[in-house]
Amino acid sequence: MNQSNDNHMYLEGLDYRSGKLVHIGIRDGKIAEVIQLPEGKGKHPFIAPGLVDLQVNGYGGVDFNTAPLLASDVYRAVQLLAEQGVTTFFPTLITNTPQAISEALKVIVSACHSYPDVDAAIGGIHLEGPFLSKEEGARGAHDPELVRKPDWDLFQQWQEAAEGRIKIITLSPEWEGSEEFISRCSESGVVVSIGHTGATPEQIAGAVATGARLSTHLGNAAHLMLPRHPNYIWEQLAQDALWTTVIGDGFHLPESFLKVVFKVKPETSILISDCTHFAGLPPGNYHSHIGGDVILSPEGRLCMADQPKLLAGSAQSLLWCVNQMAGKELLTLETAWNKASLKPMELLQGESQIPFRKGSPADLVLYEQTEKGMEIVQTIRAGKVVFNQTKNEKDEN
């Protein structure tokens with residue numbers, strides 16, 4: 001890679017789809033040219049679109065849901081996620097008091113104003129709650145005392161605090177008044193996602209009819225026992241208008257379920273990490289403000305210390321999820337990568353995304369294939385190098 005002083009750079013590497021050598025020119029933060037090159041000598045990394053994570057609760061010890069949250073904490077998380085090839089992500093705020101949610105929103109906004117890299121990395125804010133099911137199982141780890149029915153005025157207060165940055169909201173349509181709330185959100189440009197729900201088939205159909213477009217981490221945050229049929233998992237799978245996100249860390253969902261999702265929704269399924277602040281930390285014993293004492297195993301599984309069979313959230317990056325799906329041959333490498341990069345943007349922008357399209361933002365990653373999977377060599381956001389493996393290794397030494 002070469003970079004000049006006139007805000008121009010170029011990359012040479014292997015197209016992640018074809019393996020053919022390409023030259024990508026970048027100017028003013030956008031892709032200016034893409035030229036296929038004859039086969040070159042020497043080793044080249046692969047080039048792919050940057051990863052886009054729609055659900056990030058925290059990373060590397062930074063928890064977006066625990067006060068005090070500082071703007072510098074958000075910046076730190078952005079830096080760490082760049083090391084994992086994430087060029088865009090959505091900080092996710094879960095059920096809390098109205099005041100606590102407002103304060104967290106304001107800190108994230110402050111970080112966007114203070115740090116250009118944060119502003120470029122945060123595609124929006126994902127509000128997961130508090131308009132969720134109160135039922136055990138479906139509610140997940142959300143505080144039952146703080147779960148409440150949809151409130152448009154309250155949501156507007158939060159959106160004002162966020163300066164319009166709330167772009168996704170996860171809710172359960174089982175509440176009275178849900179359809180009107182969903183319609184208002186949809187009309188305002190917010191993606192409404194069904195999750196943490198015990199909704200009936202009729203309520204799910206009503207939510208879709210009034211604008212719901214997505215299912216949040218389908219297959220998780222559900223009752224341990226469900227009717228054979230109907231149930232809210234089948235109903236969401238059967239709704240053609242609903243996209244779906246799944247946690248692909250290898251722990252949250254069995255391979256059989258993932259296979260079904262990818263077959264039913266081959267073009268409208270998205271990989272997410274749903275990672276907590278334990279992601280990026282070394283294995284060991286930790287304490288969570290939600291679950292209490294937890295254990296992060298050397299294999300990457302986060303569980304309750306007193307009930308090892310119960311997960312305590314996700315502790316892996318979106319890159320890990322891509323490697324899991326490709327490594328287990330549930331998806332081809334190209335398809336797995338697309339479900340973690342192009343597909344989220346297609347949902348958000350409402351149109352198909354073409355890799356390396358001239359004029360599109362230069363959000364790119366260079367990676368190498370190793371025995372452990374894909375390893376990030378360089379991350380570029382809006383034409384700026386935000387992570388360089390070689391430089392970081394030198395800095396550490």
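This is a predicted model: local features need pLDDT of at least 70, side-chain atom pairs count only at pLDDT 80 or more; totals for chains, interfaces and linings use all residues.
W234, V260 and V264 together form a nonpolar patch on the surface, with about 270 Å² of accessible area between them. A patch is built from residues with over 30% relative accessible area and no salt bridge, nonpolar side chains (Val, Leu, Ile, Met, Phe, Trp, Tyr) being joined within 5 Å and like charges within 9 Å. Residues are numbered from 1 along each chain as its sequence is written, and side-chain values use heavy atoms, with hydrogens and water left out.

Helices (H or I, at least four residues) and strands (E, at least two) are DSSP runs numbered from the N terminus. V264 has a relative accessible area of 45% and is therefore partly exposed; the term buried applies under 20%, exposed over 50%, and partly exposed in between (1.4 Å probe, protein chains only).

The chain as a whole contains twelve helices and 21 strands. Its radius of gyration is 21 Å, close to the 21 Å given by the globule rule for 397 residues, so the chain is as compact as a globular protein of that length. This radius is taken over C-alpha atoms, and the rule is 2.2 Å times the number of residues to the power 0.38. The C-alpha trace spans about 60 × 45 × 40 Å along its principal axes. Of the 397 residues, 53% are buried. The accessible surface of the chain amounts to about 17,800 Å², and 49% of it belongs to carbon and sulfur atoms. Among contacts (heavy atoms within 4.5 Å) with a separation of 6 or more, 66% are between residues 24 or more positions apart.

Helix α4 illustrates the packing of buried residues. In α4, the residues W152, L154, F155, W158, Q159 and A161 are buried. The buried residues of this helix pack against α2 (98-114), β10 (125-128), β11 and α5 (178-187). At the start of α4, a side-chain oxygen of D151 comes to within 3.1 Å of the backbone nitrogen of D153. Just after the helix, E163 adopts a positive phi of about 55°.

Side chains of opposite charge can pair when their charged atoms come close. A salt bridge is a side-chain nitrogen of Lys or Arg within 4 Å of a carboxyl oxygen of Asp or Glu, and nine are counted by this rule. One of them links R17 and D15, with an N to O distance of 2.7 Å. R17 is partly exposed at 36% relative accessibility, whereas D15 is buried at 6%.

R165 forms a salt bridge with D119, their closest N and O atoms being 3.4 Å apart. Because R165 lies in the loop between α4 (152-161) and β11 (166-171) and D119 in helix α3 (residues 116-121), the pair ties together parts that are 46 residues apart in sequence. R165 is buried, with a relative accessible area of 19%, while D119 is partly exposed at 38%. A salt bridge also joins the side chains of E163 and R165 (3.4 Å, N to O).

Technical notes
Accessible areas come from the Shrake-Rupley method with a 1.4 Å probe; for residues, only the protein chains shown count as cover. A polar contact is a pair of N or O atoms within 3.5 Å; within protein, one must be able to donate a hydrogen and the other to accept it, and residues adjacent in sequence count only if both atoms are side-chain atoms.
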